Amino acid sequence: MDDSILNLIVFGVVSWTTLFLLTRKLFPNRSFDFCNRLVSTIHAILAVTLSLISVQDWNCPLCPLASRSSHKQMRALAVTVGYLIYDFVCCLFDKQVKIDNLVHHLVSVVGLGAGLAYEWCGSEMVAALCVTEISSPFLHMREILKELGYKDTDFSLAADVSFSTKFLRLFTFNVVSMSSSPNRHYF
């Protein structure tokens, strides 16, 4: 892993922390969780955007498989590693420390960190990042709307439906893309 990627991770930790502190200042009457979810939503949007930008061939988004990571892929992963480190520490300061959430962050940092260190399998890792983060804004929106008092509204229902249909959309996309490219091997 080169120094620019390591610097991006450190910059990411500092940036996400600063954004959280700014959010706490802007919304002093809102909960710790509310502010953290706003930061998480921004990360999810950025992670999905960087993931999509890093696709090398839209005819086969997972190609080239098991190859050297591109700089764009490394950058997308580094931004997320910085966020996960920030969120791991943030979880320690929350009122209710959840062991499963800490383990999730730790495993994610180690896994993505290994991918960055070896600079290998960027296509697969960025695809996994995109798939996991694409529903995060909807997940966080549900909780943010609850705190804002919009729990049983049409807007809340829309967020619930969007979150619930994520897997259906992803499954449909995968089946269609695999069937339209019979000569491509995805797995």
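**Reading cysteines, a pocket and helices**

Modeller: Let's start with a pair: Cys60 and Cys63 are both buried. Keep in mind that this is a predicted model.

Biologist: What do Cys60 and Cys63 form?

Modeller: The general idea is that a disulfide is a covalent bond between the sulfur atoms of two cysteines. Here Cys60 and Cys63 form one, with their sulfur atoms 1.9 Å apart. The link is right-handed, at 50° about the S-S bond. The count for the model comes to one disulfide.

Biologist: Is Cys91 buried or exposed?

Modeller: Buried means under 20% relative accessible area, so Cys91, at 11%, counts as buried. Cys121, at 25%, is partly exposed.

Biologist: Now the pockets. How much space lies in the largest pocket?

Modeller: Rolling a probe the size of a water molecule over the atoms shows where empty space is left. In this model, the largest pocket holds about 940 Å³. Its lining has 31 residues, with Asp87, Asn101, His104, His105 and His140 nearest the centre. Elements giving two or more residues to that lining include α3 (71-93) and α4 (99-118). By class, the lining divides into eleven nonpolar, twelve polar and eight charged residues.

Biologist: Which residues does the UniProt annotation "transmembrane region" cover?

Modeller: The unreviewed UniProt entry gives 6-22, 34-54 and 74-93. In the model, residues 6-22 are 100% helix, with end C-alpha atoms 24 Å apart. Residues 34-54 are 95% helix, with their ends 30 Å apart by C-alpha atoms.

Key:
Residues are numbered from 1 along each chain as its sequence is written. This is a predicted model: local features need pLDDT of at least 70, side-chain atom pairs count only at pLDDT 80 or more; totals for chains, interfaces and linings use all residues. Side-chain values use heavy atoms; hydrogens and water are left out. UniProt positions are given in the numbering used here, feature names are shortened, and annotations may be inferred rather than shown by experiment. Helices (H or I, at least four residues) and strands (E, at least two) are DSSP runs, numbered from the N terminus. On a 1 Å grid over the protein atoms alone, a cavity is a set of points where a 1.4 Å probe fits but cannot get out, and a pocket is an open set with protein on both sides within 12 Å along at least five of seven lines; lining residues have an atom within 4 Å of a point. Grid points are joined across faces, edges and corners, and a volume is the space filled by probe spheres set on the points. Ala, Val, Leu, Ile, Met, Phe, Trp, Tyr, Cys and Pro count as nonpolar, Asp, Glu, Lys and Arg as charged, and the others, Gly among them, as polar. A disulfide is a pair of cysteine sulfur atoms within 2.5 Å. Buried means under 20% relative accessible area, exposed over 50%, partly exposed in between (1.4 Å probe, protein chains only).
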